[in-house]
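Take a first look at the protein below. Follow the chain from one end to the other before reading on.

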Amino acid sequence: MQEISNYTKIILPSYSKNEGLARMYVSAFASQLDPTIEEINDIKAAVSEAVTNAIVHGYRNTTGDITLQLRIINHDTLYIKISDKGVGIPDVKKAMEPLFTTCPEEERAGLGFAVMESFTDRIRVSSKVGRGTSVTLIKRLSGRTER
């Protein structure tokens with residue numbers, strides 16, 4: 001059974017300048033687990049990719065809300081869910097393939113999901129066309145102190 005020892009939620013407009021704010025918010029929340037600098041950098045990179053995907057691909061040239069839900073589970077695991085109500089992804093499996101991009105004209109590398117996977121322990125993506133996308137990132141942190 002999972003024990004949730006803390007949680008929070010924030011909703012940000014999908015402005016590119018808020019990607020940095022989302023990164024800082026998540027790293028500040030994660031700091032209560034006393035992560036290493038490497039773990040914080042991993043978390044920031046994964047969150048940056050997920051939020052950027054919501055801004056660039058989810059909302060394309062419009063503005064909408066990006067919701068971040070954060071939880072501390074079992075005193076050592078960070079749960080991050082990043083959701084948008086944008087255009088959605090028609091084929092999640094295809095979108096998660098390295099080098100796949102829906103914006104080749106913007107010279108996007110198509111590595112967002114691969115980056116998220118490399119910096120977290122688990123990723124889950126759910127999406128409905130016309131209703132939005134949710135990316136859930138799970139990262140167990142080593143912590144440097146006894147709890």
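This is a predicted model: local features need pLDDT of at least 70, side-chain atom pairs count only at pLDDT 80 or more; totals for chains, interfaces and linings use all residues.

Residues are numbered from 1 along each chain as its sequence is written, and side-chain values use heavy atoms, with hydrogens and water left out.

Start with the parts list. The protein has 4 helices and 5 strands. Helices (H or I, at least four residues) and strands (E, at least two) are DSSP runs, numbered from the N terminus. Along the sequence they come in the pattern β-α-α-β-β-α-α-β-β. Of the 147 residues, 46% are buried. Buried means under 20% relative accessible area, exposed means over 50%, and partly exposed lies in between (1.4 Å probe, protein chains only).

Now find the sheet. In what order do the 5 strands stand? They form an open sheet in the order β1-β2-β3-β5-β4, and the pairing is antiparallel. Two strands pair if DSSP finds at least two bridges between them. β1 (4-13) and β4 stand at the edges with a single partner strand each, so one side of each has no neighbour in the sheet. Neighbouring strands are turned by 10° against each other on average, direction ignored. Strands of a sheet pair through backbone hydrogen bonds, either parallel or antiparallel.

Look at β5 next. On one side, 8 bridges join β3 to β5. L78 has K139 in β5 as its bridge partner. β4 is joined to β5 by 7 bridges. Here V125 stands opposite V135, and R124 stands opposite T136. β4 and β5 form a hairpin with 3 residues between them. In its turn, G130 has a positive phi of about 80°. β5 is mostly covered, with 8 of its 9 residues buried.

Helix α2 packs on this sheet, touching β2 (65-73), β3 (77-84) and β5. The direction of α2 makes about 10° with that of β3. Axes are lines fitted to C-alpha atoms, for helices over the stretch in contact, and angles run from 0 to 180 degrees between N-to-C directions.

What lies inside? The largest nonpolar core has 34 residues. Such a core is a set of buried Ala, Val, Leu, Ile, Met, Phe, Trp, Tyr and Cys residues joined through side-chain atoms within 4.5 Å. α2 gives the most to this core, with 8 residues. I80, I82 and F113 have the most contacts inside the core. Contact means heavy atoms within 4.5 Å.

Finish at the loop between β2 and β3, where N74 lies. Phi of N74 is near 55°, a positive value in a residue other than glycine. H75 is in the loop between β2 and β3 too, with a positive phi near 65°. Most residues other than glycine have a negative phi. N74 counts as partly exposed at 36% relative accessibility, and H75 counts as partly exposed at 35%.
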